Amino acid sequence: MDKVVQDKVFLPPSFHNHQYRPGKCCIRTASRFTFHSVRSPAIFQALKRGSQTSSYHFNIIAFAIIRIFSLLLLPKQHRARLERRMVGSTNRWRFPREPFSGDLLGLSQMCKALNVDFEEALKNPDRLCISQIQKIFSGNLKNKTIQTGEADVILTCLGSKWELHQPQLFQSKTLAKLYLMALAQGTTSPTKELERLLRAQLRGNVKERPPIKKMIISLKINDPLVTKVAFATALKSLYLSEVEVDMDDVLGLLASAHILQFNSLFQRCVVMMMNGLTPSTIKSFYLASCKYKEEPLTTACEKWLEMNLVPLVGTQIHLRKIPQELLHKVLRSPRLFTFNEFHLLKTLLLWVFLQLNHKVQTVPVHETVLAFFNSFPKKCSFLDQDTGQSLVPLFLCLRLHGIIRGKNLEELRHINFFPESWLIRVTANHYHALESGGDMVHVKDFTTQAMRFGLLFNQEYTTHSEMIAIYGFFFEIKGIKHDTTSYSFYMQRVRHTDSGLPSLLCEHGPVSLRAERLVRYEIRAQTLVDGKWQEFRTNQITQKFGFVKPSCKSHALKVQTVGIPIYASFSFIFPIS
């Protein structure tokens, strides 16, 4: 029971020669020795520091890594035969079919000692070897100057050759794996070569580093985003921590970092892209985030477009590039900013127009868009035709009952874009609301059906407001700047006879003489600060609005921020009173 059973397939020579005192460890196999011994805190700290270690400590660290490395070099059909595990309470031996499928307790102990995620180790056993070697090299790399001597590795890729050095090379998991495989094929005793290499690195003594035969490795890249310039910049980043990157090249650099599995560079590119979202880059950055499954970048693209679809992207030709999938996500978001529902509809109609007219290179006026859709056959609406059926989910996200001006509703009928049943339902809802004194009986869910209006509060504003007329009731939505970082947003009811009320809101429209109007509302403000969106909001508040203070004014949303512009959204309904 108290003896060490050595497995010469995996143990380095120095391990066999070391003397151990009986009773220190109760170990049945070499594999069990590894799992128990590497739990020592001193060994774990030595591995993290990459500093000088004792011969005993080094043997354990190197053994844990080399043992896994040896497995990786074996043909798959032989791994199960050589990998012995102890399983279950009976301590009987079994020969697993796959690496690490037997002794899960032992594997868990090894992962804790080497600071490796257990779940990831089960999925990718190779990483137990690569990641720990990377830790050793990266620990020493912090205290070394840039390598200027003869290169250890020649990388052939994209029709060019690059000379690389070991410490820098091991920052890339892809290059590290290629190098280890080349090391295995280029020597009769790969584990001995790796042991010598690790011994020099763990002790931090460059002078003791044994001469290593120069390796030639090859990497094939099929990603069209990877250019030779971007790939060269990625390799340069192995040596320099702060390489200047132009925004035009960041997409290729991100792809190169992904191929190289160079995580620090990849994350730097992600941050640059999140801070560099514009109407011209939103499509390519979003598609890249989906391709490389980078969820924080995907979320950043979605949030940026939620704020800028109507006020910014909707005014430029880049609107054409927005993928339908992304557009659909944004339209469904409760955080979507728009000045009003008709403004959002105009933006969406323009997007459809640009999808169907690829030769158009400038943003047309709204009348041109209306004339285009009016040119389709009148036998059925555009959305009922083959061309428009795939677009129905987009327009179902609109709140057409929020379009209340008669002129705008007539415009919708004239272009024959929506099915007749949609327009009849909208008209019927308006009729019943007017007949009920403004009560919106048709609105069942505030989050998805409330009428929405918005203010874009820019830096030059000290106050900014808009007037709204709904079913004969008139409101002012307003924003005030108190100082450089303090703002407040609120809404208030106004009389139809007030001098500040635009005449267009009263002409040919109803006027309600009710002294009070029950309103349920929510005010939300969002702004971008240092690449992160700040959000301020009230709860859903139900209040009776009269004509005199304080009942004429809503609760104020107070905002403290250095961000500008501020996207303020006002959502409200008239519940049954």
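This is a predicted model: local features need pLDDT of at least 70, side-chain atom pairs count only at pLDDT 80 or more; totals for chains, interfaces and linings use all residues.
Isoleucine 468 is paired with phenylalanine 475 of E8, and phenylalanine 475 in turn has arginine 493 of E9 as a bridge partner. Serine 465 has its bridge partner in E8 as well, namely lysine 478. E8 itself, which spans residues 473-481, is mostly covered, with 7 of its 9 residues classed as buried.

These strands belong to an open sheet of 4 strands, in which the order is E7-E8-E9-E13 and the pairing is antiparallel. The edge positions are held by E7 and by strand E13 (557-560), each of which has a single partner strand, so that one side of each is left without a neighbour in the sheet. From one strand to the next, the twist of this sheet averages 15 degrees.

A further open sheet consists of 3 strands in the order E4-E3-E5, and its pairing is mixed. Neighbouring strands are turned against each other by 25 degrees on average when direction is ignored. Within the sheet, strand E3 (residues 153-157) pairs with E4 over 5 bridges in the antiparallel sense, and valine 153 stands opposite leucine 164 in E4. Helix H12 (residues 228-236) packs on this sheet, where it touches E3 and E4, and the direction of H12 makes about 5 degrees with that of E4.

Among the helices, H22 (residues 406-415) has Asn408, Leu409, Leu412 and Ile415 as its buried residues. Viewed down the axis of H22, these buried residues fall within an arc of 130 degrees, and they therefore line one face of the helix. The face turned away from this buried side carries the exposed residues Lys407, Glu410 and His414. The cover over the buried residues of H22 includes helix H18 (341-356), helix H19 (366-374) and helix H23 (420-435). Just after H22, asparagine 416 takes a positive phi of about 55 degrees.

A polar atom of the threonine 338 side chain lies 2.8 Å from the backbone oxygen of asparagine 340. When residues up to four places away in sequence are not counted, threonine 338 touches Val310, His343, Leu344, Arg452, Phe453 and Gly454. Glutamate 325, by contrast, is placed in helix H17 (residues 324-332) and counts as partly exposed, because its relative accessibility is 47% and that class lies between the 20% and 50% limits. Although glutamate 325 and leucine 394 are 69 residues apart along the chain, their C-alpha atoms are separated by 9.4 Å.

At the level of the whole protein, the secondary structure comes to 25 helices and 14 strands. Of the 577 residues, 52% count as buried. The protein exposes about 28500 Å², of which carbon and sulfur atoms supply 52%. Among contacts with a separation of 6 or more, 66% are accounted for by residues 24 or more positions apart.

Key:
Residues are numbered from 1 along each chain as its sequence is written. Side-chain values use heavy atoms; hydrogens and water are left out. Buried means under 20% relative accessible area, exposed over 50%, partly exposed in between (1.4 Å probe, protein chains only). Helices (H or I, at least four residues) and strands (E, at least two) are DSSP runs, numbered from the N terminus. Two strands pair if DSSP finds at least two bridges between them. Axes are lines fitted to C-alpha atoms, for helices over the stretch in contact, and angles run from 0 to 180 degrees between N-to-C directions. The arc is that of the directions from the helix axis to the C-beta atoms. Contact means heavy atoms within 4.5 Å. Accessible areas come from the Shrake-Rupley method with a 1.4 Å probe; for residues, only the protein chains shown count as cover. A polar contact is a pair of N or O atoms within 3.5 Å; within protein, one must be able to donate a hydrogen and the other to accept it, and residues adjacent in sequence count only if both atoms are side-chain atoms.
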